[in-house]
Every structure is written in C-alpha cells, then in structure tokens.
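Me: I would like to learn how to read a protein model. Can we go through one step by step?

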Amino acid sequence: MSADIYSLGFKSEVFPISANNGYGTGELLDKLASLIPSDSIEIDDEIPRISVVGKPNVGKSSLINALTGEERFIVSDVSGTTRDSADLLYNQFGYNLRLVDTAGLRKMKKVNDDLEFYSTLRTRRAIENSDICILLIDAEEGVTKQDLAIFFEIIEAKKAVVIGVNKWDRLEKSNSSYTEVQRKILEQIRPFTDVDIEFISATSKQRIHRLLDLALEAGENRKRKIPTSKVNDVLLEQIEAYPPPALKGKYVRIKFVRQLPTHSPTFAFYCNLPQYIKDPYKRYLENKIRESFKFTGVPISLFFRKK
Ligand SMILES: Nc1nc2c(ncn2[C@@H]2O[C@H](COP(=O)(O)OP(=O)(O)OP(=O)(O)O)[C@@H](O)[C@H]2O)c(=O)[nH]1
Ligand SMILES: [Mg+2]
C-alpha cells in the first residue's frame, strides 16, 4: 500500500493513533477530510428531504407514484401495504429533492404484531430524518385521532409540515367545501394552526405539485434566520405595547431577543425573571413572531434566559 502511494507521488505523513482510546484519531480524520477534494463530496444536506406520512391506506404511495409518473411503490386497498420507508431522488420539472414513502402510522394501542411495531418505529425515524413532512389525511374521513397523533409527532420533532387532503375526487363538492373543510381541520390542529392545507387527488394528480411547492416553502420557512436587529426592532415594540404581567409585585422585563443558529427556528428572550413568564404570554410572543415573519408550517421554540 505505502509503496503504491509513493509511486503515485504522494507525500506521506505519520499520525500516531490508538485504536483503544481513540488518541489521535480526530487529527487523522481531519487530515483525511482535508485531502478529499470538496467537489467530490455530494452535499446531501442541501437537498430537502420530504417524507410522506399518514395513516394506512390514505394514499401515500399513490402520491409519490403520481409525482414520479412511475408505479414505483406498491399501491393497494389493503391497509399496511408499505412496511418500510423508501426514498428516491426526485428531479423532474426542475425539482431537486428526496421523497420518502413511509408505512402508515397507527395508534400505538393497535400496534400488536411485531411487523407493525417496527414499521411504526421506522415511520417515526423517517420523520426524524426528514426536513419536511407531508401529512396526508383522507378527505372523506376528515382529521382523525390517528392523524392528530402523527401531526403532533411532526411538531414535536420540529419538522416543517404541510397537510394534504387526499382523495378529494371522492367528495361531492359545493362551493363552501374548501373553506368548510379547512376551517374544521384548523380547529382540530389547534393551537398550531399556521399550516398550509391543500386539497389533492393522487389518482387524478390534481394539485399534487402545488402541494409539493407548499412543502418546499415550509422547508424554506424552517431555515429562515431573522437578523437580531430586526427581531429586536419588531418584538421589543410588541413587548412594550403589551408587557408580561407582573407577578407577586415584580415586574418582568424582556431586554433583548435573538434567533439562535439552530436547525429549526428558536428564539431566546433575555429577561430579569425568566421563570415568571407564563404560557399565555409565550403564546402572545409566538403569535407576534408569526405575524411579523413568515414561519408557516414550522414549529417555533422559545427560550427565556436570565440577563
Ligand atoms: N379515489 C381515490 N383513491 C385513492 C387516491 N389515492 C389513493 N387512492 C387509493 O387508496 C388505496 C390506498 O393507496 P396507497 O397509495 O396504497 O395508500 P398508502 O397510504 O400508501 O397505504 P399503506 O402503504 O398501506 O400505508 C388504493 O386503493 C389507492 O388506489 C385518490 O386520490 N383518490
Ligand atoms: Mg404505501
């Protein structure tokens, strides 16, 4: 090996390492990384990863097949057809993203056989591993408990989300259908209602690209970073207009706000008595952030620190 390296004209460097305690391995890895030409590494990070999630039989595999125009994933009437997550690179029509088909997530109570237990775990992992989730719900059934459980799982994982109401072709529509169905969904997903909803049909391909565009937009919103000066300009004014209520005769003063450099939007509020800021006021601040900046489809975290 070393003879080959010399014959290729490489200069060698010696790195003392220990495989037992890891001594020196960091330096070795740094050196190796520096030797790999950067254009030979695929920067996977920049390709958004979109998982299609939802309960069994809602049309997840159908949606991905409709987008790709291929019968790549098995579609059937039998609930639980997809047992494992599978992803593909989607680069048609100018898109460049990863699409992940997942197993229908059931309520834990119903998960009784091993196979299903594992597909549930894998779906959870698919959510964890994605940037954006398309939550499909069934137009005829509306939002069920199962849908809500998945929705809150996405929110908990701090992923971007958009809701697709699938099998829209099956509904008798009146003019008020859209707004009526939308209103009901928003009612059910409270308090996090800053989410886009699109009505689609995977079988007739109706509005499926519109749904994908909204998903990508939510992904962009998740990456949004607001400059500190702007955050302070906007929020300190709102805070002054409606300050946190005094507690036990003590005034709570928020002095400074900034967005932290995290993967999903996180804001830190620096104040004299962080523990005195209660949930209703936190909701007020979150609403003001949402009104002032575009974070549709994205959970926001707020932290209160002493300063
Ligand atoms: N009418 C109508 N039927 C649909 C639509 N999308 C899917 N279906 C049907 O719904 C059934 C389930 O579709 P799948 O794509 O297998 O659903 P899935 O969510 O992948 O299901 P699992 O893998 O079992 O979780 C199939 O019979 C599809 O033909 C739609 O937009 N309209
Ligand atoms: Mg499937």
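**Reading the model**

Reply: Begin with one residue: E71 sits in the loop between α3 and β2 (86-90). Helices (H or I, at least four residues) and strands (E, at least two) are DSSP runs, numbered from the N terminus. Residues are numbered from 1 along each chain as its sequence is written, and chains are lettered from A and ligands numbered from 1 in the order in which they are written. This is a predicted model, where local features need pLDDT of at least 70, side-chain atom pairs count only at pLDDT 80 or more, and totals for chains, interfaces and linings use all residues.

Me: Does E71 count as buried or exposed, and why?

Reply: Count C-beta atoms, placed from the backbone: a residue is buried if 20 or more others lie within 10 Å of its own, exposed if 12 or fewer, and partly exposed in between. E71 has 10 C-beta neighbours inside 10 Å, so E71 counts as exposed. The C-alpha atoms of E71 and S61 are separated by 9.1 Å. Those two residues are 10 apart along the chain.

Me: What share of the chain counts as buried?

Reply: The chain has 307 residues, and 30% of them count as buried. Its secondary structure comes to 9 helices and 9 strands.

Me: What surrounds ligand 1?

Reply: A residue is near a molecule or strand if its C-beta atom, placed from the backbone, lies within 6 Å of it. Here 24 residues surround ligand 1. The closest are G59, S61, S62, T82 and G104. Helix α3 (residues 60-68) gives the largest share of this shell, 3 residues.

Me: How many residues of that shell are nonpolar, polar and charged?

Reply: Sort them by type. Ala, Val, Leu, Ile, Met, Phe, Trp, Tyr, Cys and Pro count as nonpolar, Asp, Glu, Lys and Arg as charged, and the others, Gly among them, as polar. The shell around ligand 1 divides into 5 nonpolar, 14 polar and 5 charged residues.

Me: Now the sheets. What is the order of strands in the sheet of 6?

Reply: Pairing comes before order: two strands pair if DSSP finds at least two bridges between them. The open sheet of 6 strands has the order β2-β3-β1-β4-β5-β6, with mixed pairing. β2 and β6 (197-199) stand at the edges, each with a single partner strand, so one side of each is left without a neighbour in the sheet. Neighbouring strands of this sheet are turned by 25 degrees against each other on average, direction ignored. Angles come from axes, which are lines fitted to C-alpha atoms, for helices over the stretch in contact, and they run from 0 to 180 degrees between N-to-C directions.

Me: How do β4 and β5 run, and what packs on the sheet?

Reply: Strand β4 (residues 132-138) and strand β5 (residues 160-166) run parallel, joined by 7 bridges. I132 stands opposite A160 in β5. Helix α5 packs on the sheet and touches β1 (49-53), β4 and β5. The direction of α5 makes about 170 degrees with that of β4.

Me: Which residues does I155 touch?

Reply: Two residues are in contact if their C-beta atoms, placed from the backbone, lie within 7 Å. I155 is found in helix α5 (residues 145-156). I155 touches F192 and P299, not counting residues up to four places away in sequence. I155 has 16 C-beta neighbours inside 10 Å, so I155 counts as partly exposed.

Me: And the sheet of 3 strands: which strands stand at its edges?

Reply: This open sheet has the order β7-β8-β9, with mixed pairing. β7 (254-259) and β9 (301-306) stand at the edges, each with a single partner strand. The twist averages 20 degrees from one strand to the next. Strand β8 (residues 266-271) pairs with β9 in the parallel sense over 6 bridges. The bridge partner of C271 in β9 is K306. From β8 the chain crosses through helix α9 (residues 279-292) to β9, and this β-α-β crossover is right-handed. Right-handed has a rule: with the strands pointing away from the viewer, the path from the first strand over the helix to the second runs clockwise.

Me: Where is the cis peptide bond?

Reply: Look at omega. A cis peptide bond joins R190 and P191, with omega about 0 degrees. P191 lies in the loop between α6 (177-188) and β6.
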